[in-house]
Each structure stands twice: as C-alpha cells, then as structure tokens.
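Good morning, colleagues. Please look at the sequence and the structure, which I shall now put on the screen.

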2 protein chains.
Amino acid sequence: MESPFTDEYFMKKALQEAQEAFEKGEIPVGAVVVINERIIARAHNLTELLNDVTAHAEMQAITSAANFLGGKYLHHCTMYVTLEPCQMCAGALYWSQISKIVYGAIDDQRGCTVMGTKLHPKTEMIGGVLEEECGRLLKRFFIEKRNLN
Amino acid sequence: MESPFTDEYFMKKALQEAQEAFEKGEIPVGAVVVINERIIARAHNLTELLNDVTAHAEMQAITSAANFLGGKYLHHCTMYVTLEPCQMCAGALYWSQISKIVYGAIDDQRGCTVMGTKLHPKTEMIGGVLEEECGRLLKRFFIEKRNLN
C-alpha cells in the first residue's frame, strides 16, 4: 500500500492554514513543518492582524517547530508552504538548516528564486505542488480586495 | 551647535544592546530603531536563549518599532545595527520599507551585500559606522567561545 503521506497530503494541510489566513483578511499563505510524516508546526500569515511584516507563515512555523523540537535547527524537517518563500523567509530557512522546502505557487515577483536568495547547502527545494489550488486562493484574495476598494 | 544625535551616537546605543547579548552568551549584535532623533526600539540577538534562528536583533527591533508606531511600515525610520544584516533581516527590512539602515561591522560571509539580497527602493544603506568597536566585540566573543570549547 502506498503511504497516504504524500507531498500533496501535507500541502493540503498548508492550504487549510492559508484558508484561515484568507478568512481573517490576510494574504492567504499557510505553512506546516513535518518530521517523520508528522506535522509539528502549523501557521498562517498574520502580517495585518499583528501589524508586523515579519509575521509570515514560514517565520512563525520555523519558531513553532523549533519550540517543539527544543532546538533551533530543523534538520530532517520539511516545510510545506503554499507560496514560494520571500527573501526574508528563505533567509530564515537558511539559518534553520531545514532539509527540504516544498512550495505550491511560484512568486515570480518577490520569490526567493527570482530574488536570488541563497539556500543552505543542506536544503533541497521543490515547487509547484498543488500550484493551481495554492495560486487560486491567492488570486481570489486579490480580486476580492480590489473589488472592495 | 552641532546636534549630538549623530550616527555614532545611535550606533553606541546599538553597541550597548550588543554588549547585553555578549553577556548572555549570544553572538553580540544589537540594533536600535530611530525616528526624529528618538529611539523607539532596542533589541539584541537572542537566538540561543530562545532556540530560534529568527530572533536576530533586527527582527525583534522591526517588530518592536512597528508595535510602537501602530503600523507595519517603518517609513522615516533608521535602523542602527552593529553588524551588516543577513538575508533574512535585509529581507524583513525590505518589507518594512524602512528609510535607512546604518550598520557597523561588515559581514563578508553572510551579509546582505555579499549574498545579493535586494533592498526596498525606498531604503538607503550605509556601513562602517563604529566598524572597529562593533567588530571588536564580535571578535572577542568568538575568541572566548573558542577557548571555552
């Protein structure tokens, strides 16, 4: 039997977090951190609610996962995040030495790839998992926001 | 009469923060955020104490300054930080749209310049203010750490 714990499975969990952000009027980005097929941190963007540019989903998930593990390095962990990390988040993931980053939608404006942010040599990154669903939620958010203004 | 509120004046305040980090066994980096010659945030590195790679002085100072201002953008603010910001911190400063970054010691390994991190178009950055003092504290930290191990 195949394991149910695929990249899509965990990205759906990150999408649930993004949905929570959406419902709070935040740019809908969600993240989970997984070790040994177990979710140890969940977070969603809270920059508006907290008035804090550092409150991206990934940043909170890093802090939360480190709390869970009792150490600051996220070795053997994978982060699933619905949008490609920005410079700040990729920079934080660099320090965390996380093993893997899996993202959904590509951010071709502010994403770490186009910005040229360096990842840690121990970190592998793949993108495009549930890209369409992840991107659709973001597009819906910006369309609704535009119509409200 | 000349204003006492020079870049050196505020960098000394950031150095006091770095000294506090030193005394806690943290890599000694300190930061202050200034608006209209008034310090609105002070912070120092707490990554070891908090087990959190995101707890750099700059990150905490951004959050603290935004709390003080009641808004997430640090327009008209200057951050004084004793060490050149890394990718994560420069990425956070990007989102904050801060007006100016003044740093002390250059980080030619992990600093945002060598890493190629993009600053916000509204942000000006200068380095080398009290460079020697800022660097001396860092060197002392690493020498003492090496001797303890």
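Of the contact residues of chain A, 100% recur in chain B, so the same surface serves both copies, where contact means heavy atoms within 4.5 Å.

The model is predicted: local features need pLDDT of at least 70 and side-chain atom pairs pLDDT 80 or more, while totals for chains, interfaces and linings use all residues. Residues are numbered from 1 along each chain as its sequence is written, chains are lettered from A and ligands numbered from 1 in the order written, and side-chain values use heavy atoms, without hydrogens or water.

Next, the annotation. An unreviewed UniProt entry lists His56(A), Cys86(A) and Cys89(A) as "binding site"; positions follow the numbering used here, feature names are shortened, and annotations may be inferred rather than shown by experiment. These residues are spread over 34 residues of sequence, yet they cluster in space, with a largest C-alpha distance of 9.3 Å.

Cys89(A) lies in helix H3 of chain A (a DSSP run of H or I, at least four residues, numbered from the N terminus). Cys89(A) counts as buried because its relative accessibility is 0% (buried: under 20% relative accessible area, 1.4 Å probe, protein chains only).

Note on methods: Helices (H or I, at least four residues) and strands (E, at least two) are DSSP runs, numbered from the N terminus. Buried means under 20% relative accessible area, exposed over 50%, partly exposed in between (1.4 Å probe, protein chains only).
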